[in-house]
Amino acid sequence: MARILIVEDEDRIVSFLAKGLEAHGHTTMAVGDGVTAAAVARDTEFDLMILDLGLPGKDGFAVLEEVRARGERLPVVI
């Protein structure tokens, strides 16, 4: 199944998303800030990123801009 990066700073939302996705056989990894999200997306291969816009450190728009500037075509759900 898919490897999904969850970028969200609210634990309850992360828990809800991860539980549902993992129940359907997907593997998830969660990070809670934009700086870490951009680095993890660069260093680890994912099939999808679920991205919050209001993040500490670097907002979701900046994360997406950085990911796209590197030429990555990772699908992103905002």
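**Helix packing and buried faces in a predicted model**

Gly 34, Ala 37, Ala 38 and Ala 41 of helix α2 meet Val 63, Glu 66 and Val 67 of helix α3, where contact means heavy atoms within 4.5 Å. The structure is a predicted model, in which local features need pLDDT of at least 70 and side-chain atom pairs count only at pLDDT 80 or more, while totals for chains, interfaces and linings use all residues. Residues are numbered from 1 along each chain as its sequence is written, and side-chain values use heavy atoms, with hydrogens and water left out. Helices (H or I, at least four residues) and strands (E, at least two) are DSSP runs, numbered from the N terminus.

Two packed helices are described by the angle between their axes and the distance between the axes. For α2 (residues 34-43) and α3 (residues 60-69), the angle is about 20 degrees and the axes lie 9 Å apart. Here the axes are lines fitted to C-alpha atoms, for helices over the stretch in contact, and angles run from 0 to 180 degrees between N-to-C directions. Helices α2 and α3 are therefore roughly parallel to each other; this term applies to angles under 35 degrees, whereas those over 145 count as roughly antiparallel, 65 to 115 as roughly perpendicular and the rest as oblique.

Within α3, the buried residues are Gly 60, Val 63, Leu 64 and Val 67. Seen down the axis of α3, these buried residues fall within an arc of 95 degrees, so they line one face of the helix. The arc is that of the directions from the helix axis to the C-beta atoms. Buried means under 20% relative accessible area, exposed over 50%, and partly exposed in between (1.4 Å probe, protein chains only). The face of α3 turned away from the buried side carries the exposed residues Phe 61, Glu 65 and Ala 69. The cover over the buried residues of α3 includes α2, β3 and β4 (76-77).

Leu 64 of α3 touches Leu 51, Val 76 and Ile 78, when residues up to four places away in sequence are not counted. Arg 68, also in α3, counts as partly exposed because its relative accessibility is 29%. With the same exclusion of residues up to four places away, Arg 68 touches Arg 73, Leu 74 and Val 76. In α2, Val 35 is partly exposed, with a relative accessible area of 46%. Apart from neighbours within four places in sequence, Val 35 is in contact with Gly 57 and Lys 58.

Helix α1 (residues 11-23) has 13 residues and spans 18 Å from its first C-alpha to its last, close to the 18 Å expected at 1.5 Å a residue; the expected span is 1.5 Å times one less than the number of residues. Val 14, Ala 18 and Leu 21 are the buried residues of α1. Viewed down the axis of α1, they fall within an arc of 70 degrees, so they line one face of the helix. An α-helix has 3.6 residues a turn, so residues three or four places apart point the same way. On the other side of α1, Arg 12, Phe 16, Lys 19 and Ala 23 are exposed. Among the elements covering the buried residues of α1 are β1 (3-7), β2 (27-31) and β3 (48-51). Just after α1, Gly 25 takes a positive phi of about 90 degrees.
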